[in-house]
Amino acid sequence: MVLGGDEPTGSLVRPYAVTRGRTRPQLEIALEALVEATARGRSGQFLGGREQKVIVDLCGGRLQSLAEIAARMEVPLGVARVLVADMAADGLLAVHEPTGFSGDDGADESVGTELLERVLSGLRRL
Amino acid sequence: MNSPADTSRVTSAKIVIAGGFGVGKTTLVGSVSEITPLTTEAIMTSASEGVDDNNLVPDKATTTVAMDFGRISIDQDLILYLFGTPGQTRFWFMWDELVRGAIGAIVLVDTRRLADCFSVIDFFEHRKLPYLVAVNCFDGKQLHELQDIRDALQVSQDVPLMYTDARNRESTKQVLIKLVEYVLSMRRTRTVGVG
């Protein structure tokens, strides 16, 4: 008999087994990038494997970030990134990259300022 | 499905919450997040420097770094994420990803263990990421004068420094507002300086 408390908390499958050992995604996706199931993804006809169905279900109701997908699937971030990138390449998911405010990534200053003002007023409404 | 009619404007932003172990990062995130804070894990293979092909070393030791995060829907098209960073600055690989594109950072400080945040502050200054220092008042006690803390941390007068109670939603909200106002004011100063 297996007691609840003795159940392993982690997956018995090696994390990168679901990506067939690949650790490099087809597409770099930020932690906070928002992921949405496309109509093609939601139709369910083109999904390969259980993980893809789980991801489409997660992203069907409301936008989810890459970090949320990883957390809710209980897989490491790198694994989620490979899975999501594959699905985006197949048109099953749409990925909305964050705007980016800092650093040397050449972010558009005016766009950044407008978004910051939106964030500020949103926080004040909380 | 109930997707927004036009999703092209959909975007996200993030704020980094940093500080030593046990200082209250997850508590702070949870006080304003619309979801119960989630944990995501990144697997880091240790001793991987100079080794390009992981297959060559099948049983390399791995380290898991956990990050706690929460989410605030600012409006239909804009979601703000708060990422609590692992306290250990030896996981620099994680920090690079965390700070990339961030609005700024909140350094949460416990005055009993000020030294815990020295390396974090160094890192943000080096990366030119705007940050403020929030002193978490455990049990509502303000044990030190803010100026004393500023001197001890050696942060410039420009950097906002304030007390907070990480458990309190309103208090956390004020810290977040302060950070965004600070970032906006820095942008304006820069624009004036250039023009």
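Reader: What should I know about numbering and about how far to trust local features?

Author: Residues are numbered from 1 along each chain as its sequence is written, while chains are lettered from A and ligands numbered from 1 in the order in which they are written. This is a predicted model, in which local features need pLDDT of at least 70 and side-chain atom pairs count only at pLDDT 80 or more, whereas totals for chains, interfaces and linings use all residues.

Reader: How many helices and strands are there in chain A, and how many in chain B?

Author: Helices (H or I, at least four residues) and strands (E, at least two) are DSSP runs, numbered from the N terminus. By that rule chain A has five helices and three strands, in the order β-α-α-β-α-α-β-α from the N terminus on. Chain B has five helices and seven strands, and its pattern along the sequence reads β-α-β-β-β-α-β-α-β-α-β-α.

Reader: What percentage of the residues is buried in chain A, and what percentage in chain B?

Author: A residue is buried if 20 or more other C-beta atoms lie within 10 Å of its own, exposed if 12 or fewer, and partly exposed in between, with C-beta atoms placed from the backbone. Buried residues make up 41% of the 126 residues in chain A, and 36% of the 195 residues of chain B count as buried.

Reader: Which elements pair in the sheet of chain A, and in what order?

Author: Two strands pair if DSSP finds at least two bridges between them. In chain A three strands form an open sheet with the order β2-β1-β3 and antiparallel pairing; its edge strands, each pairing on one side only, are β2 (64-65) and β3 (93-96) of chain A. Strand β1 (residues 34-37) of chain A is joined to β2(A) by two bridges in the antiparallel sense, and A:V35 stands opposite A:Q64 in β2(A).

Reader: What does helix α2 of chain A touch on that sheet, and at what angle does it pack with helix α4 of chain A?

Author: Two residues are in contact if their C-beta atoms, placed from the backbone, lie within 7 Å. Axes are lines fitted to C-alpha atoms, for helices over the stretch in contact, and angles run from 0 to 180 degrees between N-to-C directions. On the sheet, α2(A) touches β1, β2 and β3 of chain A, and its direction makes about 100 degrees with that of β1(A). Helix α2 (residues 50-61) of chain A packs with helix α4 (residues 77-89) of chain A at an angle of about 80 degrees, their axes being 11 Å apart. That makes α2(A) roughly perpendicular to α4(A), given that angles under 35 degrees count as roughly parallel, over 145 as roughly antiparallel, 65 to 115 as roughly perpendicular and the rest as oblique. The residues that meet are A:E51, A:Q52 and A:I55 in α2(A) and A:L83, A:V84 and A:M87 in α4(A).

Reader: How should I read strand β6 of chain B, and how many of its residues are buried?

Author: In a regular strand the side chains alternate between the two faces of the sheet. In strand β6 (residues 131-136) of chain B, six of the six residues are buried, so this strand is largely enclosed by the rest of the structure. B:Y131, B:V133 and B:V135 point one way from β6(B), and B:L132, B:A134 and B:N136 point the other way.

Reader: Which strands pair with β6(B)?

Author: Strand β5 (residues 104-109) of chain B runs parallel to β6(B) and is joined to it by five bridges, with B:V133 as the bridge partner of B:V107. The chain crosses from β5(B) through helix α3 (residues 118-127) of chain B to β6(B) in a right-handed β-α-β crossover; right-handed here means that, with the strands pointing away from the viewer, the path from the first strand over the helix to the second runs clockwise. Strand β7 (residues 161-164) of chain B also pairs with β6(B), in the parallel sense over four bridges, and B:Y163 in β7(B) is the bridge partner of B:V135.

Reader: How many residues does each chain give to the contact between them?

Author: Chain B gives 37 residues and chain A gives 38 residues. On the side of chain B that touches chain A, α5(B) gives the most, with eight residues.

Reader: Where is B:T11 placed, and which residues does B:T11 touch?

Author: B:T11 lies in strand β1 of chain B and is partly exposed, with 19 other C-beta atoms within 10 Å. Not counting residues up to four places away in sequence, B:T11 touches A:H96, A:P98, A:T99, B:D77 and B:L78.
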